[in-house]
Each structure stands twice: as structure tokens, then as C-alpha cells.
Amino acid sequence: NAVRRGDNTSVRGMQSVAQTDRDTITRLLYSIGSKREVERHLRIFSSASNPSQPAKFAVIKVGGAVLSHLDELALSLSFLYQVGLYPVVLHGVRPQINEKVEEDGVVPDYIDGIRVTDAKTLQIAREVFLEKNLNLVTALEKLGTRARPITSGVFTAEYLDKKTYKLVGKITKVDKRPIEASIRAGALPILTSLAESADGQILNVNADIAAAELAKELRPMKIVFLNNDGGLFHGVTGKKIDVINLDEEYDTLMKEPWVKYDTKLKLREFKELLYHLPRSSSVAVISASSLHKELFTDSGAGTLIRRGYKLFKHDDIEKIGADRFRQVVHDRDPEVLAGFQSVAGVLSDLRKTPYSVYGDEPLDVVAIVSHPEGEVPVMTKMLSSRGGVWSDVVDNVFTAIKRDHRKLFWTAPHEDENRVWHFERADGSFTRAGKSLFWYGVQDVAEVEKTIKDFEAKGRIERSFLPVGPSAPPLRLVTIPAGARASSTMARRSMSNSPGLSRGYAPAVAPTSSTELKLGARGFIGQALTTHLSAHPHLHLSHVSSRQLGGCPLGGYIKNPVTYSNLSPQDVESLETSGEVDAWVMALPTGVRNTCVDAVGCGAKSRKTAECSVVVDLGADHRSEKGWTYGLLGE
């Protein structure tokens, strides 16, 4: 079952894999985000917890209304368990208590959003808490997920205001030992928000408040509040609020007439929580079906609440403090960490040209842009802490840079764990000798090459990226990273809008003639490319190959009838020798395409025409091999 991005029914499609092995489930996650994105988040989450502090992954507060969709919730939590992650789950039961007390003839009473709890109401609340807690544990156990009910022994409380609210508690202590014992035993801890006073009196505590106190004690990487709405919504427009920056918006929001009762209490508690945690911390309010998108993609889901940040731009590092800047370089610069450059060397290079330094006040992100007058700017450093990535500060800093510079070049190591981030923000790129060059604002390949020549002549980039193309003719090859989203590549625009497909890193196919291509088109990537080629004025499909669909007509291509064939390596070599094909596009599984590439090479040796074909590999087999250029196709 595939999981579609943004599909709120996606969790239901996981039922058939709820008890499969971790690798299978991890691969399923790739359908909600890029492989690198998912693996990076998994690696960070997995490394966060250790035997001495096993509860560092996430606190997930489950709203009472979410418990009415128990199967969906259990599947979402079981999914995390199957990949080795142990969230601390705390649930509320407000709607269930309301229903029960009304059945018993008791009218719910609230003051400032807090339930007034007399002895009768507390008795009902305890019964409902125990029942719903056991239901969730049982649902998880049915999926093969070990879970442990923890209904007491975690929260100690005193009376909030006995005269006003009666049996309502204010948490004074959190004992994390039962939680950690559960995780060490391999079971998800499932908590209620009931607390006990010093003399043993059970006290009712709002579940949001209990979750906040729990997060303060555990200081987890992620804090998630699940509700059925999938976020917080504006009371007038009805639109979902994507982000709330408390530093800037809290006072204004609390004065809005539509912010009242539960919403006001939530915002107050979110603020109080986040001001006790590092500035990089945030709270996500999402639906259960969006839990995996929130945890394993950079874009997240629902409403994100954070303290916020103020960005700066200076023309001298002294304005942020030279010692602070040195520490950032020492701790984060990959060149310094690898021993290729010293902190002193970085400072020396910095002063060679006019520059601007961008960042946020806590220095979670620091970026340097070199911009000599009359020359194209180069972003020489983008140094971000983990918190800078989590809280989107790095994106906001980059947006500030884009406002100031309509063109920009920058480099990143080929193995950079945030590689997808660079691709999403670039109009083009290519990789050589373990390093990638990215740029935006330049659409013409000749201009790219001219700019790079100027950089190298003036020593503004540290590695030779010329020529802008492969170094091993006659076989001309380009690969496109499967993890990069097409919306941010020059390749996608070329396919749909350009009068001719200019590769940028290999000799261009002549735009004045029709170019014949062959590709494997049964898979998702092949089908997507087929659709683009169908709309392209100068590219025409001559062959499509599939073992399973041989003899069947190709759908989604309207220029001329094309029938699937099952091309053997001998067929590929023969087509290359005859010159019938101008370009080969390999949309094949990893490890399979080598045979086809070898066949093209053999056919090229005896090709009847002067020009050999171009090979475009959409997979990962040849990304780092000599003779191949790795990047995004340019217009």
C-alpha cells in the first residue's frame, strides 16, 4: 500500500504492514518524503534516546476526541514502534467525560476553561480514564505493539484552587521512572493525566497541562498534540494557521475575540511550556493521520507553535561578536571539522571580499554571502545547528538572502545529510569530485560556465568545476537525483516549457530536429517522464521497454502510437549501432541499469553516425563514478 503525501486516509493503508519488519516500514515512509529526508529524521530520532535517557524521542498528547478513531491512532503509534521509536503517549478524555456526566444528570461546569471537578465528576473521570487507557493499550497489543498502561505514579499535584475548582490539581512533580522502565522493557508508555496529592487524593489535571509538564521534565525532541481537526484554525476566516510565532503574535492573539475557552488555555500553556525549553523547541498540533509527515518530513503538518526568532544582517562579524562567530565555525563548519581548514583560515578568507553575515539572534543559523561589487554573489557558509533546521530558521535566513540577491551560487559536500534541502532551493546543480555546486537565478548554461570561470580565476570557489560537462566522450551522461523534488529543478521546466532540451552539463540535443528517446516507462518515474515528453515539441519516444507489458500500448503519450517492447541488451546495442536513438533514459531499479549502459557503450563503438547517443540515468548507480556528471538538467 502506498502512502500519498497529504492524504488523511494514509494511515489506514498501513494495516497490511503493521507487523512487517522495520526495513519494509522504513521504505513505506519514503512515499511521504524523500529517502534522505526520512533516513535523516530516523537517524536523529534513533540517536536521541539511550539507556540512561530512553524517553527523549517524543511526547505525544492525544486529545479525547482522537480516541474515537482508535484504530487509526493505534496504527500511527504502532508504526513508530515498528521502526524502533518509543513515544511517550498521554491522552485526555474530555468529550467522553462530558457524555458520561450528562448521562448521569450532571451539568459540566467550566471556569476559565478548567473543569470544576466535584467528587461525583472525579469518580466518573477516573472510570473513563481507566477504560479508554485500557482500550488504547489493547488496540496496540492487537497490532503486535507492546504497550504498558500507566494510570498513576507519575504526577504529584497540589490543589489548584480547592474553593474554586474543587478536586483539580496543579502538578508539582513528575516522576519519569515508570515511563523509562516501560521503554526499557520494550513497551510504549500510555499515560493518563490523573495526579495524586501528597496525602493520596486523586486530582484531575487538564491533559494539555499534564503533557506540558511531562515535556518540561523529559525535554524530548518532538512535542506533538493530536486532535481531529489537524491543527488550530482562525476563528474568523476558518483557515488553518500554519505557524504561530509566540514572541511576535501571542499578545495580539490573546486579545482576539475568537480566542477563548480551550483555545486560550492551550495558547497560554504552549507559551509557558516553550519558555521553559530551548528556543529551538516547538509544538506541533496535528491529526493522527498526519503524524508521520510531521515527524519524518521537513515540511511537517498541521500548526507549528514556536517562540520565534529575529533575524539580522550585518556587514561585519564584529557586530555579532567575533568570538561567538569563531565558536560557530569551530563547532559546525564541515571543512573545519574534517581538518581541511582552520578557524583562522575561515576568518582570513572572509576578509578577502565584501560580505554580509545573516542569521538569528541565538546563532542557530549563520550564513555568509560574499558579494564583490559587480560580481555574482557566492554563499560561502551556511552553518546551522540541528535546532535551526527543526525550527525552519535556516529557511527563513535563506529567504532573507534571496530578497537581497537575485542570483547566488554555493557549494555543499556530495554526502551532506541535508542535500535535498539544497536541491529544493536551487535552479540547477552538478557534482564533481565529491562536491556539488548549486545556483539559482541563472537559466542559461553559457552564463553558468562564464560565472564559474570568473569564480575560479579570482579564487572565489575552492575546487575546479570546469568544464561544465562530462569528461569522457563519446558517452555523454547525466543523472537526476530521485530524492530531489521536481518542482525545484530546471529539468522540470525544460520538459514542459523550453523550445528545446538543453542539458547544461552535456552537449545539447539540437532543438531544430526531433530527438528520439528510449526509456523504461512502466515505473512511476518512467510514467511521469512519459507525460512530460508527450507535451514536449522536440522530443519523441521511439521505444519503451518493460518485461511485464511487452506488446501492450503505452498510455499517457499522445504524439504517436508506441507499444511496449522487452528490449534485450542485444536489442539495445543494435539500436545504438544503427543510430535510431538519440538519447536513452534509464528509469530502472538500482543494479539493473548497468547491463543496458554497457550495451549502449558497445553499440557506440560501431555506431554508423558521427554523434553517439546521450544516456540519462534517473537512478543512483552512477552518481559518483568518473565519466558521469551528477546534477539537475538546465534549460
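User: Why is F398 called buried?

Analyst: This is a predicted model. In it, F398 has a relative accessible area of 3%. Buried means under 20%, so F398 is buried.

User: What makes the pair of F398 and W410 edge-to-face?

Analyst: The ring centres of F398 and W410 are 5.5 Å apart, and their planes stand at 70°. Rings pair if their centres lie within 6.5 Å, and planes over 60 degrees apart count as edge-to-face; the pair is therefore edge-to-face. The two residues belong to distant parts of the chain, F398 to helix α16 (residues 393–404) and W410 to strand β19 (residues 408–413), twelve residues apart. W410 is also buried, because its relative accessible area is 1%, where the limit is under 20%.

User: Why is the pair of F409 and W439 called stacked?

Analyst: The centre-to-centre value for F409 and W439 is 5.8 Å, with 25° between the planes. Since planes under 30 degrees apart count as stacked, the term applies to F409 and W439. This pair, too, links distant parts of the chain: F409 lies in strand β19 and W439 in strand β21 (residues 435–440), 30 residues apart. F409 counts as buried at 1% relative accessibility, and W439 counts as buried at 1% as well.

User: Which residues form an aromatic cluster with F398 and W410?

Analyst: The cluster also contains W421, F423, F438 and Y440. The ring of Y440 additionally has the charged end of K402 over it, 4.8 Å from its centre.

User: Is L337 buried or exposed, and how do you know?

Analyst: L337 has a relative accessible area of 57%. Exposed means over 50%, so L337 is exposed. This residue is found in helix α13 (residues 334–337). Leaving aside residues up to four places away in sequence, L337 touches H330, D331 and R332.

User: What makes up the largest nonpolar core?

Analyst: That core has 45 residues, and those with the most contacts inside it are V88, F155, L191, L214 and I305. Its largest share, eight residues, comes from helix α8 (residues 207–218). Beyond residues up to four places away in sequence, the contacts of L214 include V88, F155 and L191.

User: How many contacts does the model have for residues 518–522 beyond four places in sequence, and what is the pLDDT there?

Analyst: The model has 31 such contacts for residues 518–522, but pLDDT stays under 50 over this stretch. Where pLDDT is low, the predicted coordinates should not be read in detail.

Conventions: Residues are numbered from 1 along each chain as its sequence is written. This is a predicted model: local features need pLDDT of at least 70, side-chain atom pairs count only at pLDDT 80 or more; totals for chains, interfaces and linings use all residues. Side-chain values use heavy atoms; hydrogens and water are left out. Helices (H or I, at least four residues) and strands (E, at least two) are DSSP runs, numbered from the N terminus. Buried means under 20% relative accessible area, exposed over 50%, partly exposed in between (1.4 Å probe, protein chains only). Contact means heavy atoms within 4.5 Å. A nonpolar core is a set of buried Ala, Val, Leu, Ile, Met, Phe, Trp, Tyr and Cys residues joined through side-chain atoms within 4.5 Å. pLDDT is the predictor's confidence in each residue, from 0 to 100. Rings of Phe, Tyr and Trp (its six-membered ring) pair if their centres lie within 6.5 Å; planes under 30 degrees apart count as stacked, over 60 as edge-to-face and the rest as tilted. A charge sits over a ring if NZ of Lys or CZ of Arg is within 6 Å of the ring centre and within 35 degrees of the ring normal.
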